[in-house]
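Hi everyone, thanks for coming. I'd like to walk you through one structure this morning, so let me put it up on the screen.

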There are 2 protein chains.
Amino acid sequence: MDQDFAAWRAALEALWTEGIPQAAALGAVIRRLDATGLELAAPLAPNRNHMGSAYGGSLQSLATLAGWGVALLASGSIGPHQILIRKAQMRFMAPVTTELLATARMPDPGVSAAFRTRLAERGHGRLEVGVDVRGHEGPVAARFYGEFIALDPGR
Amino acid sequence: MDQDFAAWRAALEALWTEGIPQAAALGAVIRRLDATGLELAAPLAPNRNHMGSAYGGSLQSLATLAGWGVALLASGSIGPHQILIRKAQMRFMAPVTTELLATARMPDPGVSAAFRTRLAERGHGRLEVGVDVRGHEGPVAARFYGEFIALDPGR
């Protein structure tokens, strides 16, 4: 299982490095990846606003990257399906004034299994992923919910 | 009035260039700024995903920048108050495969006036801003709603 997570980590990093320039623009790195979910970190400097806290657009973008990663993990494989975001909502409770941490929660195993089954049987599936954003060791500063769809273009 | 918009345009550009590195990371430029609202454009290349369309996090970030700009415009001045985002939601209907365009609508004059009055009288105000995102000459691909608050830290 740990080997699986190491492989997933390498796959996600390769995918973001090669295919999503904004991951580098945010300075996003994988801090943790295990059965509970995916935590991304990003430094404040490239994500600051003119008030010295984190820019709200960066918080949404980092949370989306984390949520998307978990949706791909929950789908069980890198492809041939694609994971697309369909809805996003975020509530901002407090400023982030240190590095940014976005923790996307792995859905319950039954929910992920239903997502994979539907994708296999019908060629599409839908998954909601929650992401908490906070500063270094701080309380939750923003909450994100993303609705992702998996779509097999060959089906 | 046109002079006012030219001054606002210069002020927003200076603020983003100096204070919000992600505006440059997105490649965001002001395409239009007038009484109806603010349109930002960004090239696809830095905002692409591994599927060749625009990354959802970029769409949220660009829409947030446009919405924030309109909230600042509606507040009537650059300061001393701050404009903060409190809630964001976005619905993604179609992929964007060309340059990204985010058009934030100026609220009705009465709504903006009430926002300014409340800020002047109580030191805080709240404003909702709608932003449409599309590709070059395409239909609306994503809709964003942001709830922004204006806060005078000296009050």
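This is a predicted model: local features need pLDDT of at least 70, side-chain atom pairs count only at pLDDT 80 or more; totals for chains, interfaces and linings use all residues.

Let's begin with the symmetry. If you rotate chain B by 180 degrees, with 0.0 Å of shift along the axis, it superposes on chain A with an RMSD of 0.0 Å. That is how a two-fold axis relates two copies. Where does chain B come nearest to that axis, going by C-alpha atoms? At B:Gln89, whose C-alpha is 2.0 Å from the axis.

Now to the interface. On the chain B side, 36 residues are in contact with 36 residues of chain A. Of the interface residues of chain B, 100% are also interface residues in chain A, so the copies meet through the same surface. Together the two chains bury about 2800 Å², and 59% of that is on carbon and sulfur atoms. Which three residues of chain B supply more of its buried area than any other three? They are B:Gln22, B:His50 and B:Tyr55, with 22% of the area that chain B buries against chain A.

Polar contacts are another matter, with 18 residue pairs between the chains, counting pairs where both residues have pLDDT of 80 or more. Four elements of chain B each give at least two residues to the side that touches chain A: helix 1 (2-19), helix 2 (21-26), helix 3 (56-75) and strand 3 (82-92). Strand 3 of chain B has the largest share of that side, with 11 residues. Sorted by class, the side of chain B that touches chain A holds 18 nonpolar, 13 polar and five charged residues.

Strand 3 deserves a moment of its own. Between the chains, strand 3 of chain A and strand 3 of chain B run antiparallel and are joined by five bridges. Within that pairing, look for A:Arg91, which stands opposite B:Lys87.

Inside chain B, strand 3 also pairs with strand 6 (residues 140-151), again in the antiparallel sense, over 10 bridges. There, B:Leu84 stands opposite B:Ile149. Strand 6 of chain B is in turn joined to strand 5 (residues 124-134) by 11 bridges, and these two strands run antiparallel as well. As an example, B:Gly130 has B:Tyr145 in strand 6 as its bridge partner. Strands 5 and 6 of chain B form a hairpin with five residues between them.

That turn brings me to the backbone details. In the hairpin turn of chain B, B:Glu137 has a positive phi of about 60 degrees. Over in chain A, A:Glu137 has a phi near 60 degrees, a positive value in a residue other than glycine, and it lies in the loop between strand 5 and strand 6 of that chain.

Finally, the peptide bonds. Which kind of bond, cis or trans, joins A:Gly79 and A:Pro80? It is cis, with omega about 10 degrees, and A:Pro80 lies in the loop between helix 3 and strand 3 of chain A. In chain B, the bond from B:Gly79 to B:Pro80 is cis with omega near 15 degrees, and B:Pro80 lies in the loop between helix 3 and strand 3 of chain B.

That's my tour, and I'm happy to take questions.

Key:
Residues are numbered from 1 along each chain as its sequence is written. Chains are lettered from A and ligands numbered from 1 in the order in which they are written. Side-chain values use heavy atoms; hydrogens and water are left out. Copies are superposed by least squares on the C-alpha atoms of residues with pLDDT of at least 70 in both. Contact means heavy atoms within 4.5 Å. Buried area is the accessible area (1.4 Å probe) that two parts lose on being put together, summed over both. A polar contact is a pair of N or O atoms within 3.5 Å; within protein, one must be able to donate a hydrogen and the other to accept it, and residues adjacent in sequence count only if both atoms are side-chain atoms. Ala, Val, Leu, Ile, Met, Phe, Trp, Tyr, Cys and Pro count as nonpolar, Asp, Glu, Lys and Arg as charged, and the others, Gly among them, as polar. Two strands pair if DSSP finds at least two bridges between them.
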